[in-house]
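Dear colleague,

I am handing over the structure that we talked about, with the sequence alongside. Please look it over first, and then read on for my notes on what was found.

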Amino acid sequence: EEVLAERRQMVELDARRQHAREAMASLRRVERQGAAAAAATKHWVCLGDTFVRRPHGKTRTMVEKDQERLEGEIAALHRSVQQKTSELCEIDPSISGGSDVHRSFSSLHGLSLDQVAEV
C-alpha cells in the first residue's frame with residue numbers, strides 16, 4: 001500500500017512539475033520580448049486559494065524554487081519506492097518471479113561528471 005501511495009504522490013508531483021515547466025516557458029517567451037518588457041510585466045500567480053499579481057523577476061524566482069523543490073521531492077519518493085519494492089521482493093520472491101534481478105539493479109546509480117572524467 002505504501003508503494004502504491006508513494007507512486008500516486010509521484011504522479012501528482014510530476015503533474016505539478018509539468019505545470020511549473022509550462023509557466024517557465026511562458027516567462028521565457030516574455031523575456032524574449034526584451035528586458036524592459038519583462039521588467040514591466042506583472043503575472044497572476046496562484047498562492048494557495050488566492051491569486052496575486054507579482055513582478056516578472058519575483059515570479060520567475062518563485063517558479064524556479066518550486067521546480068527545484070518538486071524535483072527533490074520526486075527524487076526522494078523515487079528512492080523510497082525503489083527501496084520498498086526491493087524489500088518486498090526479498091520478502092516475497094514470487095513478486096519478481098523468483099529472480100534476484102531487482103536486487104541487483106536497485107543498488108545501481110549513475111556516474112557523476114567527475115567519475116566519468118576519471119574513466
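A network of salt bridges links Glu2, Glu6 and Lys84, where a salt bridge is a side-chain nitrogen of Lys or Arg within 4 Å of a carboxyl oxygen of Asp or Glu. This is a predicted model, in which local features need pLDDT of at least 70 and side-chain atom pairs count only at pLDDT 80 or more, while totals for chains, interfaces and linings use all residues. Residues are numbered from 1 along each chain as its sequence is written, and side-chain values use heavy atoms, with hydrogens and water left out.

In the whole structure, 8 salt bridges are found. Among them is that of Arg17 with Asp14, whose closest N and O atoms are 2.4 Å apart; the two residues lie 3 residues apart in helix H1, about one helical turn. Arg17 is buried at 13% relative accessibility, whereas Asp14 is partly exposed at 33%.

Arg69 also forms a salt bridge, with Asp66, at 2.5 Å between the closest N and O atoms, and both lie in helix H3.

Best wishes

Note on methods:
Helix = DSSP H or I, 4+ residues; strand = E, 2+ residues; numbered from the N terminus. Buried < 20%, exposed > 50% of the residue type's maximum accessible area, 1.4 Å probe, protein only.
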